[in-house]
Amino acid sequence: MSDYITMIIDDREVKARRGEKLLWVALDNDIYIPHLCAIKEEKRPNASCRLCFVEIEGHNQPVTACTREVEEGMVVATRSSRVDRLVKTGFELLLSDHNLKCRECPANKNCSLQVIAKKRGLKLKHHRFNPLKREFKLDDSPAEFAFDRSRCVLCGQCTWADRFEAEVGAIGFTNRGIDRVVTTFNDLPLADSICTECKLCVDACPVGALYYKKDQNA
Amino acid sequence: MQLLKGEKEEILACVKEVLGENSKTHENLIPILQQVQKKLGYLPALAMDKIAEGLKVPAVDIFSLVTFYNQFRLNPPGKHEIKVCMGTACYMTGGDITLESFERRMGINEGETSLDRHYSLDRVACVGCCTLAPVAVIDDEVEGKVTPTRVDGIMLALEEDREDNAIEKSGPKVGAEDE
């Protein structure tokens, strides 16, 4: 058995290492699949953002690309009417709990949600789902960065960076369902927690939830 | 929530005891939390912190788990425990309005305890007497058809009890042992 396999993504023949996840194979070959929560090093991906759906020949339902290992002779289509519908709904649900004041956001023009919207022709607007009314207090206690939970998409990139890159364990998910939020032990401000302010979480944030204060547009 | 005098020692002793009885593995986390809650009535931040230390996991992981499950409470049970039913029948007949009235009158949110620990407010799924909806349970006694006016009546009784208590012991005995 060789270490490499060949497969087809969007009518293109692609070589990939055996055991790799489909999402990363596609991205390495410049084939775009929307994603927020995917982490390459993660053994068992959460698949919680529900955006990386693709069609695989032989499967009667779209599957998440981040959890699927590539196989020899696999035939994949990244777009179909069913995939687009799932991604659109998932995206709109994410937006229903997202602060859409992009012009005030430090991640404006450098935001994963904007990329997804552009690539898939989706609108950054509340349309089908009424926005959730959650109130958050801005946590600007750290010296160089701040955390605005109204922009958080709960992807888990920051908690991963905190846990496995910085090896600190200051932040995590708490509560359940609609109240779910990323926070510190006992909901303390970041500066009062065990956070070392290494800023790896800020670099990991795909949106403008964790941001450098210097990037803030007043 | 501020800890009362002597409570800190009680918590530390309790956590130490429970950790001693269980092997400190990740699988035992929920049983450990349950045992601590059974002894203390709730899970104070200090206890969560010490359990995290014992199991060598980040404290925020414990906090995450405790806030996920309904069976764990973060605030001490009050002297009077008020539970408002949010089952289907109670919800449809205005259980949320009842809960809101309690929250407003007590000045606390659902799941919290008043600062003097006189009363605590919680929601429950179904008490089993849907014909009386909306239902509230005050110290194991079921109150049916609880309208906001009835909430005022219930609160009046609780406030009277609090005043009687205040005469007995003058001055708050809340110590500044906050961790």
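Predicted model: local features only at pLDDT ≥ 70, side-chain atom pairs only at ≥ 80, totals over all residues.
**Chain B as a whole**

Begin by selecting chain B, whose C-alpha atoms fill a box of roughly 50 × 40 × 20 Å along the principal axes. Chain B holds 7 helices and 4 strands, and when the chain is read along its sequence these elements follow the pattern α-α-α-α-β-α-α-β-β-β-α. Of the 179 residues in chain B, 28% are buried. If contacts between residues at least 6 apart in sequence are considered, 63% of those in chain B join residues at least 24 apart.

Next, colour residues 7–68 and residues 80–168 of chain B separately, as these ranges are domain 1 and domain 2. The centres of the two domains of chain B, taken over C-alpha atoms, are separated by 29 Å.

**A helix pair in chain B**

Now select residues 7–21 and 45–55 of chain B, which are helices α1 and α3; they pack at an angle of about 35°, and their axes are 10 Å apart. The crossing of α1(B) and α3(B) is right-handed. To see what makes the contact, show the side chains of B:K8, B:I11, B:L12, B:V15 and B:L19 on α1(B), and those of B:L46, B:A47, B:K50, B:I51 and B:G54 on α3(B). By class, the residues of this contact between α1(B) and α3(B) comprise 7 nonpolar, 1 polar and 2 charged.

**The sheet of chain B**

Move to the strands of chain B, where 4 strands form an open sheet in the order β2-β1-β3-β4, with mixed pairing. Select β2 (119–124) and β4 (141–143) of chain B: each has a single partner strand and stands at an edge, so one side of each is left without a neighbour in the sheet. From one strand to the next, the twist of this sheet averages 25°.

In the loop between β2 and β3 of chain B, select B:P134; the peptide bond that joins B:A133 and B:P134 is cis, with omega about -10°. In the loop between β3 and β4 of chain B, select B:D140, which is not a glycine and yet has a positive phi of about 70°. Is B:D140 buried or exposed? With 7 C-beta neighbours inside 10 Å, B:D140 counts as exposed.

**Chain A: domains and a hairpin**

Switch to chain A, for which the domain assignment gives domain 1 (4–80) and domain 2 (96–215). The C-alpha centres of these two domains of chain A lie 26 Å apart, and 8 residues of domain 1 are in contact with 10 residues of domain 2. On the domain 1 side, the residues of chain A that touch domain 2 are 7 nonpolar and 1 polar, with no charged residues.

Within chain A, select β3 (residues 53–56) and β4 (residues 63–64), which run antiparallel and are joined by 2 bridges. A:F53 stands opposite A:T64 of β4(A). The hairpin of β3(A) and β4(A) has 6 residues between its strands, and A:G58 there takes a positive phi near 100°. Strand β3(A) also pairs with β5 (residues 75–77) of chain A, in the antiparallel sense and over 2 bridges, with A:E55 opposite A:A77 of β5(A).

In the loop between α1 (22–28) and β3 of chain A, stop at A:R50, whose phi is positive, at about 55°, although A:R50 is not a glycine. A:R50 is partly exposed, having 17 other C-beta atoms within 10 Å.

**Where the chains meet**

Finally, display both chains together and find their contact, which takes 11 residues from chain A and 9 residues from chain B. On the chain A side, strand β7 (residues 171–174) gives the most, with 4 residues. The residues of chain A that touch chain B divide by class into 4 nonpolar, 6 polar and 1 charged.

Methods: Residues numbered from 1 in each chain as written. Chains lettered and ligands numbered in written order. Domains from an automatic or database assignment. Pairing = 2+ DSSP bridges. Axes fitted to C-alpha atoms, helices over the stretch in contact; angles between N-to-C directions. Contact = placed C-beta atoms within 7 Å. Nonpolar A, V, L, I, M, F, W, Y, C, P; charged D, E, K, R; others polar. Buried ≥ 20, exposed ≤ 12 C-beta atoms within 10 Å, placed from the backbone. Left-handed = near helix turned anticlockwise from the far one by under 90°.
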